[in-house]
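Good morning, colleagues. Please take a moment with the sequence and the structure.

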Amino acid sequence: MCGIVGYIGQKKAHPILINGLSNLEYRGYDSAGISILENNDIKLIKTKGRVKTLFEKTENENLNGTIGIAHTRWATHGKPSDENSHPHLDNSKTFAVVHNGIIENYSELRNMLIEKGYKFLSQTDTEVIPNLIHFYYSKGNDFIHSVSLAIKDLKGSFALSILCKDEANKIIVTRKDSPLVIGKGKDEFFISSDTPAYLDKTKEFYFLDDLDMAVIQQDDIKFYNSNLKNIKKDIKLIDWSADSAQKNGYEDFMLKEIYEQPNSIKATISSTLSKDKVQIEGLELSKEYLKNINKIFIVACGTAMHAGLATKKIFESICKIQTEVDLASEFRYRDPLIDEKTLCLYISQSGETADTIAALKLAKEKNCKTIAISNVIGSSITREADFSIYTHAGPEIAVASTKAYTAQVTLLSILAIYFAETLEINNPDIKILKKDILDLPNKVDEVLQVNDDIKELSKKIYKEKDVFFIGRGIDYPASLEGSLKLKEISYIHSDAYASGELKHGPIALIEDGISVVSIITDEKLIEKSISNIQEVITRGAKTIIVTNQNLPANNFYKIVNIPSTNPYISPILSVIPLQLLAYYISKEKGLDVDKPRNLAKSVTVE
Ligand code: M6R
């Protein structure tokens, strides 16, 4: 949430910052702002609205400086407005700050500063930061010491990029529990919340750990820990192409990402699975250890949690290990029964989700092993976990997650096979599952052929007020994911239920003309599922069936046929028509598919 960028080098900072912000707009888009250091003065322009509005406001402003910072906001404290936009300056206009995160003790700090005579112009938590830095600066500390003292007073999360007009040849950055990366060019550096902002400029990035600081000059970078001791940082190579973070001819990132799924699944498979033994880079667990596990917890948020639900059955049926799936935001506060014999898996596309990171820290305190499953090399979660394994989905820019989900389900299925092979479990299903996973990219190609059909269907149902998704067994988590996709980008109210639960309450909502989407991929559950569908048809529902089964003729509104596959991995295929349905309904309604209201791609606040 919130995107921050910075540039220091020999080129004009303004276009580079605007370009970086546009690439980061998926992190927040209710206001934007920029500060450029020029002739020992900080120029500040900020506005409510999108990066495009900021560009229009700044393009004729003759911003020629080669050092600057900028921000795209997802409001937490203070509504979207010009005043609440970042950067924020201190009262003396010596410091400019952009911030991602939340300062939990801002009101205490604000009162302390007001008592010392500071004035506040915004309702944000951020504005205390430049003033606090100035407070220490006014006591004779230099730029870096003032920043270091100020961040010691902050409670909460922050990624900060800071300018000082008196030390106009540098930018200082620091972070705690919010992401920040530094790209290295030739005599120039690019600061950003995420690597995709500057993949067109560099593939070499530095990652900061909590409370590290970096002092960045045009041709030099120095790193410090929280005690201001010099530390060394290695560069990490990010092998995503610049193109992979562009739309490449598609109208929206979401559609591009839906269509990338054959390749993202293929890349995830080929990094781990062959006809022989599964090998997952970065993961080494012994038979002895796995034999003694008492339970697996899969912990995540949103779509990533749905990927956990979709694969719980594989861990239980194939590995014979009890597996529970939890929402990270709940897990942390419910005192889960975990000990050194519990294995905790944390799934996060971005690797920056605050609740998931906090849930991981909790497990570490209890001494159980943790595995992070992420799409982003170097992300916070991967630096916290004992082991990190990666989906190879490439950058996912659309707020609605699509290719990350299918890559997560693929990788988790392969992880279950890894456990089973390490445990030397002799089950013929494992060999069949491996073969079926290897076939997935072709099957995904095949499912994508439903595109035109779904587009037509969306024209008929886009005005609906409520849509229900139902499924049994493995089709229930897929229903949850379909329902989440629809509500987040079309703003249609939608809920998902296990089909058998309908008559325990939700069926009261079914009336004439309501759409019910039902997924049926498990042969053993056809009869029961059809009975549930009949119950809603009887009450006037229009039923849309996504299936890979030969269903008995019936009065369904629409059948969407998908290829059959191993039941364990069917959610990878059944979710794709639902992704397309959400996409086309959102398009029919004329909405911004990639940037749905109130949402941001990485949820870095709790
Ligand atoms: O980056 P993460 O995988 O940790 O993100 C988790 C959720 O915020 C995310 O999946 C969210 O639910 C998506 N917008 C759903 O499309």
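Let me begin with Cys368, whose sulfur lies 3.8 Å from the closest cysteine sulfur, in Cys344, and this is too far for a bond. The criterion applied here is that a disulfide is a pair of cysteine sulfur atoms within 2.5 Å. Before I continue, please note that this is a predicted model, in which local features need pLDDT of at least 70 and side-chain atom pairs count only at pLDDT 80 or more, while totals for chains, interfaces and linings use all residues. Residues are numbered from 1 along each chain as its sequence is written, and side-chain values use heavy atoms, with hydrogens and water left out.

Cys368 is also buried, at a relative accessible area of 3%. Buried here means under 20% relative accessible area, exposed means over 50%, and partly exposed lies in between, with a 1.4 Å probe and protein chains only. The structure as a whole holds zero disulfides.

I turn now to the strands, which are DSSP runs of E with at least two residues, numbered from the N terminus. Two strands are said to pair if DSSP finds at least two bridges between them.

Consider strand S10, residues 189-192, which is covered on both faces. Phe189 and Ile191 are buried on one side, and Phe190 and Ser192 are buried on the other. In general, the side chains of a regular strand alternate between the two faces of the sheet. Strand S1, residues 3-8, runs antiparallel to S10 and is joined to it by four bridges; Val5 stands opposite Ser192. Strand S9, residues 181-184, is likewise antiparallel to S10, with four bridges, and Ile182 has Ile191 as its bridge partner. S9 and S10 form a hairpin with four residues between them, and Asp187 in the turn has a positive phi of about 55°.

Finally, why is strand S12, residues 213-217, described as largely enclosed by the rest of the structure? Four of its five residues are buried. S12 is joined to strand S8, residues 171-176, by four antiparallel bridges, and to strand S13, residues 220-224, by five antiparallel bridges. Met213 stands opposite Thr174 in S8 and has Tyr224 in S13 as its bridge partner. S12 and S13 form a hairpin with two residues between them.
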